[in-house]
Amino acid sequence: MTEPLAWINGTQQPFAQTAVPVWDLGVVAGASVTEMARTYRHQPFRLRQHILRLTNSLTELGFPQPWNADELIDAAQTIVQHNAGLITPKQDLGIVVFSTAGSNATYLAGQSNQTTTVVHTFVLPFQLWKPSLTNGVRLRVPKARQIPDDCFSVAHKVRNRLHWWLADQQAAVIEPGSKALLLDHEGYVTETSTSCFFLVRNGQIVTSNRGVLNSLSGQIVEEVALSLNIPFERRAICESELETADEAFLSSTPVGILPVSHLNGRRLSPFHDTNVTGLITDAWSQLVGLDIVEQVLNS
């Protein structure tokens, strides 16, 4: 087969034909737990950790679990093996796995409650990240706030993303081209819509431990920081600390590290190889066996 495949509810089929029913609660209510891993040189990276995060979230949120972790890992590896054969050696894949809460009983008169579980891939769009890697990301704090834990814990990676979309729209109005950095309802810094946020001051990396995703990319940053003897701390971050940061950067599974150039309009230290952001980026490259900056810039 010369087209990408996806896996849905235990069956492989062409990606272009894979669809979630309109009566599924993942569509009707945004009730879907999701996960994204990626490949480096066409090999899945830390796939088991990503799948275990998904299955743990399904358990904690009370979602049905028709498939266990090993079954989902096998499905993902099979789909990646096929789809990686359709791309060039310089390209890599994002690996998406999600599972929904089932069907909306009202739409189906209570006749079905089948969940939808999907594994699919996409070619990582490195060209979209070139400007951010070259020029840095501009962040603004908008009026929107992070979802509080008494709604549901944002430690879980879910598809309920409306507040993030609205926050990014607000940030872009304040400063065109910027992304939102959200505070929680008590005024503490959390994260962005797609990334874990880190500030650097006096050579120390600090990231939030409240109102944030259980970030696997954030765990990599901590891991490589400790290997480099760079002080690293998880704690509550006051908004006022944004005014004294020397550097800031973002981490995410698809792209790795992106430098932050501006915080609320204030210019930060330029990205270079010898600052903390550069050291973390180089260490990430060594960990995965590939220059993550060059991969983006040469795409």
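**Getting to know the contacts and strands**

Mentor: Let's start with Thr277: leaving aside its neighbours within four places in sequence, Thr277 is in contact with Glu247, Ala248, Phe249, Ile257, Pro259 and Phe271. Contact here means heavy atoms within 4.5 Å. Bear in mind that this is a predicted model, where local features need pLDDT of at least 70, side-chain atom pairs count only at pLDDT 80 or more, and totals for chains, interfaces and linings use all residues. Residues are numbered from 1 along each chain as its sequence is written, and side-chain values use heavy atoms, with hydrogens and water left out.

Trainee: How do you know whether Thr277 is buried or exposed?

Mentor: Buried means under 20% relative accessible area, exposed means over 50%, and partly exposed is in between (1.4 Å probe, protein chains only). Thr277 comes out at 2%, so Thr277 is buried.

Trainee: And which side chain makes a polar contact with the side chain of Thr277?

Mentor: That of Glu247, at 2.8 Å. A polar contact is a pair of N or O atoms within 3.5 Å; within protein, one must be able to donate a hydrogen and the other to accept it, and residues adjacent in sequence count only if both atoms are side-chain atoms.

Trainee: What element holds Thr277?

Mentor: Helix α7, residues 276-288. Helices (H or I, at least four residues) and strands (E, at least two) are DSSP runs, numbered from the N terminus.

Trainee: What about Val221: buried or exposed?

Mentor: Its relative accessible area is 0%, so Val221 is buried. Val221 lies in helix α6 (residues 216-227). Not counting residues up to four places away in sequence, Val221 touches several residues, including Phe198, Phe249, Ile257 and Ile280. Val221 and Ile280 are 59 residues apart along the chain, but their C-alpha atoms are separated by 6.8 Å.

Trainee: Which residues touch the most other members of the largest nonpolar core?

Mentor: Phe197, Ile205, Leu263 and Ile280, out of 46 residues. A nonpolar core is a set of buried Ala, Val, Leu, Ile, Met, Phe, Trp, Tyr and Cys residues joined through side-chain atoms within 4.5 Å. There is also a second, separate core of 25 residues, with Ala31, Ala37, Ile73 and Val80 among them.

Trainee: What makes strand β14 mostly covered?

Mentor: Eight of its eight residues are buried.

Trainee: How do you know that β14 and strand β7 pair?

Mentor: Two strands pair if DSSP finds at least two bridges between them. β7 (residues 137-140) and β14 (residues 256-263) share three bridges, in the parallel sense, so they pair. Leu139 has Leu263 as its bridge partner in β14, while Val137 has Val260.

Trainee: Which residues of β7 are on the covered face, and which on the uncovered one?

Mentor: Val137 and Leu139 are on the covered face, Arg138 and Arg140 on the uncovered one.

Trainee: Which other strands pair with β14?

Mentor: Strand β13 (residues 247-252) pairs with β14 in the antiparallel sense over four bridges, and Ser251 has Ile257 as its partner there. β13 and β14 form a hairpin with three residues between them. Strand β15 (residues 266-267) and β14 pair in the antiparallel sense over two bridges. In the hairpin of β14 and β15, with two residues between the strands, Asn264 takes a positive phi near 50°.
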